Every structure is written in C-alpha cells, then in structure tokens.
Amino acid sequence: VTVRDVTSRSDLRLVATERYTSPGFARREADGLWGHVWQMVCREEDVAAVGDCWTHVIVDQPIVVVRTPSGALRAFHNVCRHRGNLIQRDCANTTELRCSYHGWCWSLDGENTAIVDPEEFGWPDPEVLRLPELRLATWGGFVFVNPDREAPPFEEWIAPLAADAAPYRMADMRWQAVVSTTVPCNWKVGVEAFIESYHIPATHPQGTCATDDTSAVYEERGEHGLMVISMGRPSGRLGILDETPILADMVDGVIPLQKLLPHQLERLRRIGDGSEVLPPGVKLRDVLIDLSRERAVAGGWADPSFEGGDWYDQHEFHVFPNLVLGVIPGELFGFRFLPDGLDPDSCTFEMLSLRFPEPDQRPAKRAHVPYSGDDEARRATWGAILHQDFANLESVQRGMHSGSLHHVRLARRQELLIAHLHDVIDNYLARRPAR
Ligand code: FES
Ligand SMILES: [Fe+2]
C-alpha cells in the first residue's frame, strides 16, 4: 500500500480490510465489543410462559433467557458450575435448569438447588454456585442482554432511537417469520449492506424506478443509526420528470414491497396498466402514501404523529452493532448478522419479519436453511431483492482476502453509517486494550 493510496485525501474515510478478515480482530471484538454491548436475543413472545427458556450464543458465550416464576425475565450464562457442561440445550419449557452430565440443578432464578453428593464438594455455599447473570432489558417486544455489569443502562443506550421508533408500536407486533442461514462473510460485511442505499442502482436495478436512493437520509443516533429511504418515486439518478411511461414498472416495483389490501392492489394494477389515469400533478407516490395511510387506519396501527412520507417511507433503525430494523406503519422487516464464533469469515444471517397479529394469524415460520451459492436457489429462498444482496456478501469477503486491497473507502454521506459503525466499534475496543 502506498502513502498516496492512504493519504491523498485527508478527509477520505478508509477502513482496513483486516477488520473483516483477521482472526485476531474477531478475538478483539469478542472481548472488547460483544462482551460489553447490549444485544438482542429473542422476543418476549418467545419466552411468554413461566419456564420458557431461550438459548443463545454470544460469539462463544452460551446464555439462556428464562421466564421466571415471578413472571420476570432473567438471563444467565448457560454453563454448569461443576465441569462446564452446557445446561439448557434448547429452547423449551422447563421447571428447572438441570445439567445432563451429573445432574446438578438450578432454579429458574439461577439458584443452585441440587448437587449430587454435596459432601464430596465440602457442602458448598449455594451462593457461590449461583448461575452468573447477564443484564436484561426489553424494548419494542425484543429482549436484550448485556454481559457487562458496568455497561450504561439500556434505556439510556437506546434513547437516541426510541422516540422515532415508538409510533411503529413494535411491541404489539408478532413474529411472521424468522429465516436464517450461514453466510460466508464477516458479520460487518452483512450489516453494511443494509445501512446504505448507495448500492441500490447497481445491485437492485429493478428497484430504481420506485425507490429514490439519492434522497435517502442518514443520521448518527448515539451508537446507532437511522436511514430513511424515500419510496414510491424514481431514483433521482434517472432524471425522470414524467412518470407516465414508467408507471407499469413502478407498480411492479412496489407491489412486492408492502402487503397492501386486495382492493388497494387492484387499484395499483389499474394505474399500472393505464386503465386508471392519475389526475394531472398527482404522482404515484401520492397514491401510495394514501393507500398506506388507509391500510394503517383500517388495521388500527395509524399513529397521530405519522405525516406525509412517514406513511410510506422505509425507516431503517440500525441498532448497534448488528441489528437493522426496517419499519413502515404496520410492518417490520429486520436483518441481523451474528458472528459465527471467532471465525471472521462466517456469520449467521437472520431475516426477521413482524406484523400486527391478524385474526387468521398463522404460526410464525421459523427455518434455518443451508446457504447456497447458486443464484436461482437463492432467489427461490430469499426473493428477488435479498438474493441480489447475498451475491455481494460472499464476493466482498473474498475480495477483502485478496491481499490487493488494504482499505475499503467509504462515501462521505451515503456510507456515513458504516463509518459510524467502525467508530463505535473502536470506542468499545479502546476501552479494553487487546490482551
Ligand atoms: S458438568 Fe454439570 S453436573 Fe457435572
Ligand atoms: Fe440491498
């Protein structure tokens, strides 16, 4: 790498590729970041009944979230205090946390309740054998934990996003689907594909007629970020003044993006095929905002604070470090990328879909599917848009490893949230120097 390559523009933001590829950096993140940050584990609905357990692994730290007899939620390190066996093996309902190896047992509150032959261990004080606890908080129906007892309170940490998220009433939503797969890329490569709109024209060319990437708004919010994407109008890059010739494409572009009511879809199709002509000056975006408002009112999730584009524009809340919650009134479409242990080249991707419960609500679909490098197979699983994103993730990770690129370079405005992600990671790492 030459000096010119790095320093030609002092304000150019460069990020070392080593941060995505090095096992050493993954280890530093495990110690300095994941051990100290609030992170989502599950939804309250996943642990609704007393005795419900949700198991999860934070990089290499097995934990379990439990609905205790008092009705409160608690999170514990899921490791037997005898010889280290994992205690609760899966998400299930139970009356106690019993280790399968030698039968030591803990209450749902983490208190040691049984040791086989305790005299062999000098009748240990149960307090010493308590399961170590993690801090726990809930927000919008999500359960968050933090292994660090010294971390700032959750409410303080989430506050920069909380007011904007509140009108969407995430807590009233329920799972529609969680589909996951293991992707051969670093978790940050994954997150970064969902906190900028700069890639839309090249990666999702079909989206440019009804998604305006050029007017997307990016804001740092504490450790988090907010991206608002203007939907229902052509990309500013296309320079389109008259939408009429592309209305059919626009309608095709928006129909898969939002679950509209049947009569609303009918109307859109009529506009698309020209059998309904929009009055002069009325743009498709105006119609979409109206339809979205009408649907929200009918569904009972209209909030008085929504106005104008709020009814229709996609708000993406980047909850540091690895959760992206995309909302429009009535729906949440989220993405999460979990590091795959200490392997910098692998992560678990989860597609999260939540909606307000409906009378004919079907049970949520949950599936972990094998990763496929095949384009057609990917499209069948993930749909027309996500499969295009996937094609980039694997390829970026390979490029980062090539040795020919030492830094990636970030657009000042449109990739601002990526720069912010790295800055905040560095803040965490700086507080705990490498061992
Ligand atoms: S390892 Fe758990 S009881 Fe022995
Ligand atoms: Fe994308």
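# Briefing: a strand residue, an iron site and the cores

At 9% relative accessibility, Asn112 counts as buried (buried means under 20% relative accessible area, exposed over 50%, and partly exposed in between, with a 1.4 Å probe and protein chains only). This is a predicted model, so local features need pLDDT of at least 70 and side-chain atom pairs count only at pLDDT 80 or more, while totals for chains, interfaces and linings use all residues. Residues are numbered from 1 along each chain as its sequence is written, chains are lettered from A and ligands numbered from 1 in the order in which they are written, and side-chain values use heavy atoms, with hydrogens and water left out.

**Asn112 and its sheet**

- Asn112 lies in strand β9; strands (E, at least two residues) and helices (H or I, at least four) are DSSP runs, numbered from the N terminus.
- Strand β9 belongs to an open sheet of three strands, ordered β7-β8-β9, with antiparallel pairing (two strands pair if DSSP finds at least two bridges between them).
- The edges of this sheet are β7 (97-98) and β9 (112-114), each of which pairs on one side only.
- Two bridges link β8 (residues 105-106) to β9 in the antiparallel sense, and Cys105 has Ala114 as its bridge partner in β9.
- Strands of a sheet pair through backbone hydrogen bonds, either parallel or antiparallel.
- The Asn112 side chain also reaches the backbone oxygen of Cys105, at 3.3 Å. A polar contact is a pair of N or O atoms within 3.5 Å; within protein, one must be able to donate a hydrogen and the other to accept it, and residues adjacent in sequence count only if both atoms are side-chain atoms.
- Setting aside neighbours within four places in sequence, Asn112 is in contact (heavy atoms within 4.5 Å) with Cys105, Trp106, Pro126 and Leu129.

**The iron ion**

- Protein donors of the iron ion (ligand 2) are His199 (NE2), His204 (NE2), Asp389 (OD) and Asp389 (OD), at 2.0 to 2.7 Å from it. Donors are N, O and S atoms within 2.8 Å of the metal (3.2 Å for Na, K and Ca); water is not among the atoms, so sites may look incomplete.
- The four donor atoms make angles of 54 to 152°, and the site is irregular. Four donors count as tetrahedral if all angles lie between 85 and 135 degrees; four count as square planar and six as octahedral if opposite donors are over 155 degrees apart and all others between 65 and 115; anything else is irregular.
- Along the sequence, the donor residues follow the spacing H-x4-H-x184-D.
- His199 counts as buried because its relative accessibility is 14%, and His204 does so at 7%.

**Nonpolar cores**

- The largest nonpolar core has 108 residues, and Phe144 and Trp157 have the most contacts inside it. Such a core is a set of buried Ala, Val, Leu, Ile, Met, Phe, Trp, Tyr and Cys residues joined through side-chain atoms within 4.5 Å.
- Helix α11 (residues 416-431) gives the most to this core, with eight residues.
- Another core, of 14 residues, lies apart from it and includes Val66, Phe76, Cys80 and Trp106.

**Backbone details in loops**

- Phe320 and Pro321 are joined by a cis peptide bond, with omega about -5°; Pro321 sits in the loop between β15 (314-319) and β16 (323-328).
- Val59, in the loop between β3 (52-58) and β4 (61-67), has a positive phi near 60° although the residue is not glycine.
- Val59 counts as buried at 10% relative accessibility, whereas Trp123 counts as exposed at 61%.
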